[in-house]
Amino acid sequence: MKLTPNLAAFLLLVAALAAGGLVPVFVASALVMTLLTQAAISAVLATGVGILLRQNGVVSFGHAAYFGIACYTIGLALRHKVMATETAIILALVIPTALAFLLGLVIVRIPGVAFSMLTLAVGQAFHEFALKARPITGGEDGFTLAFPREIFGIATATFQRPHSAWVVSWIMLVVLLYLLHRMIKSPFGRLTAAIRENEERARFIGYETVVPRALIYALSALIAAIAGVLFILYNAFVSPETLFWVLSGEALIMCIVGGPRLLLGPALGAVVFFFFKDVMGDITVHWQGAIGITLIVVTVLLPQGLGGALVKLGARWRAGGAGG
Amino acid sequence: MVEDFAVQGIDIIRRFGGFSALDTVQIAVPTGEIRGLIGPNGAGKSTLIDVLSGRADDWSGRVLFHGRDIGGLSVQERRSLGLARSFQRTNIFPDLGVGEQLEIAARKAEIRNVDEVAAELGLRDLIGARAADIGYGDQRRLDLALALIGRPKVLLLDEPAAGLSMGESLTLARLLKDLAARWKVTVLLVEHDMDVVFSICDRITVLHLGKVLAEGTAEEIRSIPEVVKAYLGSAA
């Protein structure tokens with residue numbers, strides 16, 4: 001059988017799923033599994049920010065909004081007992097996606113820094129609302145949730161115990177990356193890459209360019225919302241922190257560290273960021289400074305991020321091998 | 001018999017502040033003709049192409065495509081009717097493969113003639129290459145190829161030979177003339193290279209300071225003293 005790129009990606013998906021499933025067998029520490037789970041959830045969020053950067057070529061400082069809206073949709077639905085958890089989860093994915101699409105139809109027309117500032121403004125507006133609407137949202141204290149015993153027929157504990165939560169988050173991350181890979185290789189993915197490269201040319205060969213860009217924006221919001229759902233299922237707690245720009249900024253740092261042009265880059269960046277943050281947090285209270293310095297070093301020395309550097313190394317290694 | 005014009009600009013006016021880039025310009029290109037559009041820098045040639053192709057805002061007048069008023073249509077709608085253009089500056093997708101971007105263009109076109117266009121423009125061997133990595137002349141041909149995918153009815157070319165060597169320019173000119181005849185494409189060609197213009201254009205329109213100064217065959221244009229003085233000089 002010939003190893004086509006699609007078959008290779010599928011085999012990689014199966015291998016990654018199997019490898020992730022084996023991790024809890026070999027790692028007994030709940031602390032490590034907690035870190036891994038949090039890293040996987042952050043990787044999903046970073047992938048959302050990364051796909052926007054990769055396909056639309058724009059930077060979002062406001063993706064925490066979609067992460068947080070997903071969290072609050074479930075949180076408020078359960079707190080005020082207005083619907084079943086399963087319905088709330090579905091809405092937690094639909095609402096941010098639809099909102100992002102409608103917003104995207106307007107803001108994707110705005111280039112560069114202005115776009116980024118708009119995303120920041122929109123994100124912060126939701127954060128402010130969560131802070132100020134105390135009777136509804138619990139204000140800055142946030143609130144804890146009491147989930148039912150089962151969600152979609154799966155024991156809720158599966159989403160909350162570190163070992164099983166890791167498996168759930170990992171499966172979600174890997175399947176998501178596989179589907180995004182297929183999207184990037186699809187005609188739609190190629191078209192959005194072309195629009196990113198030269199929107200005017202795309203228009204002059206006959207393509208409508210706003211809707212595809214808005215769809216990518218909505219897709220990236222959906223991914224952020226998936227991260228939000230995983231987060232709240234795992235933590236059973238929601239606060240305005242989930243909407244705060246710092247979360248968006250961290251996701252962006254993960255993208256840059258991992259390499260935004262590589263699909264796996266943001267996820268790689270998330271894992272590195274998370275463990276680096278944990279290690280540096282044990283050493284110094286000024287861990288943010290260490291992350292800042294790392295970001296500068298990576299940006300200057302590895303403009304394509306760690307992922308880009310690994311791809312280059314791999315290419316050099318293959319070229320060396322081919323050359324004997 | 002009423003002549004069938006592929007593209008017409010009627011009373012086209014475009015101003016930038018107090019400056020008239022186009023001042024009641026009239027142009028009518030019959031179907032099947034290769035029309036040259038020449039004039040000194042700032043004459044309004046690219047502005048006229050922008051108006052005809054739908055790129056320009058804030059202009060007045062009428063643009064007709066085979067008799068249909070397309071002045072209110074978007075760039076995409078004009079392209080779907082068969083009005084394509086190339087650009088003064090190479091306008092491709094630099095980070096995409098040559099074949100990949102031709103395929104993207106073909107997906108939107110009724111006639112998916114990727115192989116045909118690639119072969120005609122000598123891009124076959126570059127199909128797998130990244131556009132940013134190919135030579136400048138190849139990029140110019142790729143730009144033209146993106147416009148030619150789907151066999152448009154009208155092609156607006158804004159200095160397709162800019163930056164090419166004399167040999168490359170003349171080769172491109174011959175190719176254009178040949179394709180226009182075989183694919184029945186009407187061409188409006190903005191070009192500073194007079195060898196290219198005089199060798200392939202059926203008729204030539206001269207723009208000067210936003211107005212049509214003259215129109216005629218190459219011989220007629222060469223013999224008009226105002227044109228020689230305003231633009232042609234020694235090229236005549």
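I began at A:Ala236, which sits in the loop between α11 and β4 (237–238) of chain A. Helices here are DSSP runs of H or I with at least four residues, strands are E runs of at least two, and both are numbered from the N terminus. This is a predicted model, in which local features need pLDDT of at least 70, side-chain atom pairs count only at pLDDT 80 or more, and totals for chains, interfaces and linings use all residues. Residues are numbered from 1 along each chain as its sequence is written, while chains are lettered from A and ligands numbered from 1 in the order in which they are written.

**Positive phi**

I looked up the backbone of A:Ala236. Its phi is positive, about 50 degrees, although A:Ala236 is not a glycine. Most residues other than glycine have a negative phi. The cut-offs: buried is 20 or more other C-beta atoms within 10 Å of the residue's own, exposed is 12 or fewer, partly exposed is in between, with C-beta atoms placed from the backbone.

B:Arg151 is not a glycine, yet has a positive phi of about 50 degrees. I found B:Arg151 in the loop between α5 (136–148) and β7 (154–158) of chain B. With 19 C-beta neighbours inside 10 Å, B:Arg151 counts as partly exposed.

**Helix α4 of chain A**

I checked the length of α4(A). Its 23 residues should span 33 Å at 1.5 Å a residue, and the end C-alpha atoms are 32 Å apart, which agrees. The expected span is 1.5 Å times one less than the number of residues.

I listed buried residues in α4(A), among them A:Ala88, A:Pro96, A:Gly104 and A:Ile107. Their cover includes α3 (64–79), α5 (112–132) and α11 of chain A.

Next I took the packing of α4 (residues 85–107) on α11 (residues 210–235), both of chain A. The angle is about 150 degrees and the axes are 8 Å apart. Axes are lines fitted to C-alpha atoms, for helices over the stretch in contact, and angles run from 0 to 180 degrees between N-to-C directions. That angle makes α4(A) roughly antiparallel to α11(A). The classes are: under 35 degrees roughly parallel, over 145 roughly antiparallel, 65 to 115 roughly perpendicular, the rest oblique. By class, the contact of α4(A) with α11(A) has 18 nonpolar, three polar and one charged residues. Nonpolar covers Ala, Val, Leu, Ile, Met, Phe, Trp, Tyr, Cys and Pro; charged covers Asp, Glu, Lys and Arg; the others, Gly among them, are polar.

**Helix α8 on α11, chain A**

I turned to α8 (residues 162–185) of chain A. It packs on α11(A) at about 175 degrees, with the axes 11 Å apart. The two helices are therefore roughly antiparallel to each other. α8(A) brings A:Ala165, A:Ser169, A:Met172 and A:Leu176; α11(A) brings A:Ile223, A:Ile226, A:Leu230 and A:Tyr234. Contact means C-beta atoms, placed from the backbone, within 7 Å.

**Chain B against chain A**

I looked up the interface. 18 residues of chain B are in contact with 15 residues of chain A. On the chain B side, α3(B) gives the most, with six residues. That side has eight nonpolar, four polar and six charged residues.

Notes:
Two residues are in contact if their C-beta atoms, placed from the backbone, lie within 7 Å.
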